[in-house]
Amino acid sequence: MNKVAPAAFFTRVTTEGKGMEGGNKFRCTGKWNDEPFDRVIEAEDEGDARDHWMYWAWVAGASLQNLEVTEAA
């Protein structure tokens, strides 16, 4: 199984909600190849944020579990 970390796939990722210009920010948590993650990404909406994670998990052949997406403050 591919052991690539989820942050490697997101150019607009931050753990602190900084460094992103405009757009909506979403906190995404879950497990990537059984490793917990907590990231804030920029996306159009919650569905778009979820789709990003699903797509990159598929591309990487990674296991994505317990994905939670909420609007970041």
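These questions and answers concern the core, the surface and the salt bridges of a predicted model.

Me: Which element gives the largest share of the largest nonpolar core?
Reply: The largest nonpolar core has 13 residues, and those with the most contacts inside it are Cys28, Trp32, Ala49 and Trp53. Two or more residues are given to this core by each of β2 (24-32), β3 (35-43), α1 (46-60) and β4 (64-71). The largest share amounts to four residues, and the element it comes from is α1.

Me: Which residues does Cys28 touch, not counting residues up to four places away in sequence?
Reply: Cys28 is among the residues with the most contacts inside the largest nonpolar core, as are Ala49 and Trp53. With residues up to four places away in sequence left aside, the residues that Cys28 touches are Phe37, Asp38, Arg39, Ile41, Ala49, Trp53, Leu67, Glu68 and Val69.

Me: Is Trp58 buried or exposed?
Reply: Nonpolar side chains tend to be buried together in soluble globular proteins. Trp58 lies in helix α1, and together with Tyr55 and Val59 it makes a nonpolar surface patch of about 380 Å². Because exposed means over 50% relative accessible area, Trp58, at 66% relative accessibility, counts as exposed.

Me: How many residues apart are Asp38 and Arg27, the pair that links distant parts of the chain?
Reply: Asp38 forms a salt bridge with Arg27, in which the closest N and O atoms are 2.6 Å apart. Asp38 counts as partly exposed at 35% relative accessibility, and Arg27 likewise counts as partly exposed, at 30%. The pair links distant parts of the chain, since Asp38 is in strand β3 and Arg27 is in strand β2, and their separation in residues is 11.

Me: Why are Glu46 and Arg50 separated by about one helical turn?
Reply: Glu46 forms a salt bridge with Arg50, with the closest N and O atoms 3.9 Å apart, which falls within the 4 Å cut-off for such a pair. Glu46 is partly exposed, with a relative accessible area of 40%, while Arg50 counts as partly exposed at 30% relative accessibility. The two are separated by about one helical turn because their spacing within helix α1 is four residues.

Me: How many salt bridges does a search of the whole structure find?
Reply: One of the salt bridges is formed by Asp38 with Arg27, and another by Glu46 with Arg50. When the whole structure is searched, the number of salt bridges found is two.

Technical notes. Residues are numbered from 1 along each chain as its sequence is written. This is a predicted model: local features need pLDDT of at least 70, side-chain atom pairs count only at pLDDT 80 or more; totals for chains, interfaces and linings use all residues. Side-chain values use heavy atoms; hydrogens and water are left out. A nonpolar core is a set of buried Ala, Val, Leu, Ile, Met, Phe, Trp, Tyr and Cys residues joined through side-chain atoms within 4.5 Å. Buried means under 20% relative accessible area, exposed over 50%, partly exposed in between (1.4 Å probe, protein chains only). Contact means heavy atoms within 4.5 Å. Patches are made of residues with over 30% relative accessible area and no salt bridge: like charges are joined within 9 Å, nonpolar side chains (Val, Leu, Ile, Met, Phe, Trp, Tyr) within 5 Å. Accessible areas come from the Shrake-Rupley method with a 1.4 Å probe; for residues, only the protein chains shown count as cover. A salt bridge is a side-chain nitrogen of Lys or Arg within 4 Å of a carboxyl oxygen of Asp or Glu.
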